[in-house]
Amino acid sequence: MTALRARAPHLGLGLLIAVFALFFLLPFAGLLERGLGDGGAWDAITSDTALDALVLSLWTSALSLVIAVVAGTPVAYWLTHARFPGKGAVEALIDLPIVLPPTIAGVALLTAFGRRGLLGTPLDEWFGVTLGFSTVAVIMAQLFVGAPFYVRAARAGFASVDGQYERVAHTLGASRLRAFGRIVLPLSWPSLAAGAALCWARALGELGATLIFAGNLQGETQTMPLAILSAFERADGLTAAVALAILLLAVALVALAAFWLLSSRNGATP
Amino acid sequence: MSLRAIPAAAVATAALALAACGGNDEPRQTVTVLAAASLTEAFGELAEAFEGSRPDADVRLAFAGSAALRTQVLEGAPADLFASASPDEVAALAAAGLVVEQRALARNALVVVVAEDASARIGDFAGLAEPGLRLVLTAEDVPAGRYARESLALAGTEFTARVLANVRSNEANVRATLAKVELGEADAAIVYASDLAAANGVRAVTIPARFQVAAEYRIALLGENAGARAFLAFATSPEGSAILARHGLEPVAVAP
Amino acid sequence: MTLEFGARTTLGDFSYDARFEAGNEIVVLFGHSGAGKSLTLQIVAGLLRPTHGRIVISGEPVFDSGTGLNLPPQQRRLGYVVQDLALFPHMTVAENVAFGMAGADRDRRLGEVLDLMHLAPFHDRKPRSLSGGQQQRAALARALARESSLLLLDEPFSALDESLRVELRRELIRLRSELDLSVIFVTHDLREAHLVADRLAVFDAGRLLQFEGREKVFRQPANRRVAELTGVANILRGRVAAAREGELVVEAGGERLRAPAPSGWQPAEGEAIDLAIRAERVNLRRLEADDPGQPNLVRGTIREELAYGATHTLRFESAVGQPVEVEIAARPYEVLGVAGQRSWTLELPPEDLHVMPVSPEAPSSAPSASATTA
C-alpha cells in the first residue's frame with residue numbers, strides 16, 4: 001500500500017516533466033522538420049540576404065558584448081561597493097531594460113537618440129549626425145537590451161567575493177587594479193561568463209528595438225531576427241524564415257558551446 | 001507621435017491566441033477579421049458600426065502587413081475574414097483552398113509623405129531621387145512596398161535605381177513606414193493616400209497620374225459562418241462603403 | 001621596529017580612542033569581542049581611516065590627521081593575518097604565500113618561508129584541501145613573506161582546537177625570537193593572552209584601559225573593569241582607615257586589612273576604594289592555627305564548592321562582609337582536608353592585595369598614564 005502511494009506522485013511528476021519538456025522540444029523539432037523537409041531551405045540559407053544578415057548579426061552582437069563588458073565591469077564593480085543614498089533606485093534603473101519589452105526599448109531609444117529625440121536633435125543640428133537607420137543604432141539597441149544582463153550578473157559575481165580577500169590583498173601590497181585582476185576577477189569569473197553569454201544571446205536575438213530604432217535594410221541594419229521576420233512576410237513565406245531560424249539557432253549553439261568550453265577551461269575552481 | 005503599427009503586431013498575436021482558444025458556438029457570435037495595416041482606422045469604425053447594428057456580434061480585429069497575415073492563415077490561424085491590400089495574397093489563400101468567397105473591397109492611391117519639418121527640399125515626385133534624402137519604403141514583399149516599387153518602375157529604371165539608393169529601411173508594414181516619417185527619422189516615404197487621414201506632422205506630395213498604381217483591396221471569406229458573411233455584406237454595403245470612403249479609400253461598387 | 005599608535009574615531013554610536021606604542025615584542029590586545037581590538041589592527045593596516053590620530057611605523061608616519069597623510073594599505077609594510085585567514089581559494093599555497101612578494105630572488109625566499117612554516121609539502125595544494133592548522137600556517141607564511149617586521153594577528157588561533165593552539169603559540173614565540181618581529185596579537189582568550197604577551201593592552205568598549213607588562217596588568221589592574229576582564233575573582237569594597245608611608249589600612253566589613261599604597265595616586269583617609277586579590281592568591285589556614293600577630297586574617301565559611309580536577313574553587317561567606325573566592329590546587333585541598341571542614345581562616349597576603357579607585361572612569365580617562373609605563 002505504502003509503496004503504491006509513494007509511487008503515485010512520482011507518476012504525476014513524471015508526466016508533468018514530460019509535458020513540460022515536450023513544450024520546449026517540439027518547437028525545435030518543428031523547425032528542423034520544416035527546414036530539412038523543404039528543398040528551398042538551402043537556397044534561403046545561402047542567399048545574399050541571409051549571409052549579409054548573419055555577418056551583421058555576428059559582428060554587431062560581438063561588438064555590443066565587448067562594449068557591455070568594457071563599460072559594464074567597472075560600473076558593476078563600483079555599484080557593488082559604493083554606498084550612497086538612492087543606490088537602490090540606480091540599480092533598479094539599470095535592471096529596467098531587462099523587464100522592459102524590447103519594443104518599448106526601441107521607442108525609448110527613439111525619444112532619446114532619434115532625429116527629434118533629446119540628444120538626437122542637437123546631434124543632427126550641430127554635427128549633422130543621425131543615428132537612426134545606421135548600424136550604430138543596431139548596436140545601441142543591442143547594448144540597451146543586452147548590457148543590463150551582463151551588469152546584473154557581474155554585480156552578483158562581485159558581491160559573492162568576500163571583501164576580506166581584497167582587503168588582505170591590499171595589505172600584501174596589491175594595488176586596487178592588481179587585487180581586482182588577481183582576486184576578484186578569477187573568483188567571480190563564472191558569473192561574468194554567464195552574464196556575458198546572456199548579454200550576447202540577447203543582443204543576437206534583439207528584434208523589437210532594432211526594428212523601431214534602426215530600421216530594416218539589408219547589410220546595414222537587417223540583422224538575422226529582422227531577416228527572419230522579413231522572410232516570414234514574403235510570398236514563399238515560412239520556408240525561408242524557418243531556414244534562417246535554423247541557421248541562427250545553429251550559430252548561436254556553436255558560439256555558446258565554444259564559450260562555455262573556453263570559460264570552463266579558464267575558469268576558477270574555488 | 002503615433003506608432004500604431006507596433007501595437008498592431010501585438011494585437012494580431014493576442015487575437016490569434018484568443019481565437020485559438022475560443023469556439024464559434026458561443027451565444028455571442030464572434031467574427032475574427034485579419035486586415036491589412038492600412039485598414040486599421042477604417043476597419044475599426046466598420047467593426048464598431050457593425051456591432052452597433054448587431055448587438056449579438058463581437059468583431060475581433062487584427063492588423064498587420066498583408067503578407068504576414070497571409071502566412072499566418074496558411075499556417076492555420078483561425079480567422080473568418082481576410083482583408084488584403086492586394087489580390088495576390090487572397091489568390092495565394094484561394095490556391096490553398098482556403099477561400100469560400102472573395103470580393104473587391106476598395107482601391108487606394110499612393111502618395112508621397114514628407115516630414116513637415118524635414119530639411120529636405122522635396123517638392124514633387126521627382127524629388128525622391130534627390131541624393132541624400134532619407135527615404136523609407138515598405139518591404140518589397142508587402143503590398144504597399146510592391147505598389148511603391150511598381151510606381152517607381154513606371155518612371156524608368158534609372159530613376160528607380162536613384163530612388164532606391166536613398167532607401168534607409170524596408171519596414172514590415174505601411175503604418176511602420178508612415179511612423180518613421182511622423183517621428184522625423186525619415187524625410188519621406190511612399191504610403192497609401194488613405195494613411196494621410198491618420199497621419200500627424202507630415203505633408204503629402206501627389207504622385208502624377210501616369211505613375212500611379214492603384215492598390216486593390218480584396219476581402220475574403222475564409223469559412224462558412226453567418227456572422228462573418230454578415231460582416232462581409234456590411235463591409236461592401238453602401239453604409240460600409242461610406243465608412244471606407246471617410247478614411248480615404250475609394251470603395252468599389254458591390255460586385256460578387 | 002617600533003609602532004607609535006594613536007587614533008580616535010566613531011563608528012555609529014561606537015566611539016574608539018586608543019594610544020600606545022610597541023617595540024620588538026609581542027603586544028597582546030585583549031578584551032571582549034567588540035571592544036575595539038580588531039578595529040585597532042584595521043586602523044594600523046590602513047583598512048579603516050580614523051578621524052583623528054597619528055600612526056608611525058618604524059619612524060615613518062603612515063597616517064596623520066594633522067597633515068592629512070593616509071597611506072593606503074598597499075604602501076604600509078606589514079603582515080596582517082585576519083581572523084578568518086582569507087587564503088585566496090583559487091590559488092595554491094605557494095601562490096598565496098608569494099602573492100605579497102616582489103623582487104629578484106623571489107623563488108628562493110618563497111622556498112625559505114615555506115620551509116620555515118613547514119609548508120613545503122603542500123606547495124601545490126589549494127587551501128581548501130589543507131587542515132585547519134596548515135591553513136593557519138599558510139596564512140602566517142603569506143604575512144611573513146612580506147618581509148616586514150610588523151605582524152598583525154587577529155585572533156589567529158581561535159578556529160583551532162586546543163592542542164593545535166598550544167603548538168602554534170609555541171611556534172609564534174619561536175618565530176618572534178628567530179625573525180626579530182614586532183607582533184600585535186588580538187585575542188579574547190585570557191590564557192592565550194597571558195601565554196604569548198610581553199605586554200598587554202586591555203580594551204573595553206572602544207577604550208584602552210591599561211597597557212603594561214603582562215604581570216603588572218594581571219597583578220595590579222588599573223581599575224575594577226580591568227580586574228574583572230583579567231579574571232580577578234575578588235574585588236572587595238572598603239574604606240581607607242589610615243594611610244601610612246607606602247601602606248594603607250583598609251576597613252572592609254568589620255575587618256582591617258593592610259595593603260600596599262597604590263602607585264600613581266594617593267587615596268585620602270575615609271575614601272572608598274576597591275581591593276583586588278586573585279582567587280589563587282588567597283591562602284587557607286586551619287582555625288586553630290590562628291596567629292594574632294599575622295595581618296589580614298579573616299574568618300570564612302564555605303558556601304559553595306566547584307571541583308575542576310586540578311583545582312577547586314571555594315566560595316566563602318567571610319568576615320569582610322563580602323563573599324571571597326579561593327582557588328586551591330587538588331593536592332593541598334586533600335592534605336588540608338578541606339572536604340571535611342567548612343570553617344577556615346582566610347589569609348589575604350598584603351603583597352597580593354591591590355588597591356584601586358572606586359570610580360571606573362577615573363583611570364580610563366587618563367590612558368596616557370598607562371601607555372607611557374613600559
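## Nonpolar core

A nonpolar core is a set of buried Ala, Val, Leu, Ile, Met, Phe, Trp, Tyr and Cys residues joined through C-beta atoms within 7 Å. Buried means that 20 or more other C-beta atoms lie within 10 Å of the residue's own, with C-beta atoms placed from the backbone. In this predicted model, the largest such core has 247 residues. A:Leu244 and B:Leu81 touch the most other members. Helix 7 of chain A (residues 135-160) gives the most to this core, 15 residues. Helices here are DSSP runs of H or I with at least four residues, strands are E runs of at least two, and both are numbered from the N terminus.

Which residues does A:Leu244 touch, leaving out those up to four places away in sequence? They are A:Ala44, A:Ala50, A:Met224, A:Ala227, A:Ile228 and A:Ala231. Contact requires C-beta atoms, placed from the backbone, within 7 Å.

## Chains A and B

On chain A, 21 residues contact 21 residues of chain B. Helix 5 (102-113) and helix 11 (224-232) of chain A each supply at least two residues to that side. By class, the chain A side has nine nonpolar, eight polar and four charged residues. Nonpolar covers Ala, Val, Leu, Ile, Met, Phe, Trp, Tyr, Cys and Pro; charged covers Asp, Glu, Lys and Arg; the others, Gly among them, are polar.

## Chain C

Chain C holds 11 helices and 21 strands. Its C-alpha atoms fill a box of roughly 75 × 50 × 35 Å along the principal axes. Of its 374 residues, 40% are buried. Among chain C contacts between residues at least 6 apart in sequence, 64% join residues at least 24 apart.

## Conventions

Residues are numbered from 1 along each chain as its sequence is written, while chains are lettered from A and ligands numbered from 1 in the order written. Local features need pLDDT of at least 70, side-chain atom pairs count only at pLDDT 80 or more, and totals for chains, interfaces and linings use all residues.

Conventions
Buried ≥ 20, exposed ≤ 12 C-beta atoms within 10 Å, placed from the backbone. Contact = placed C-beta atoms within 7 Å.
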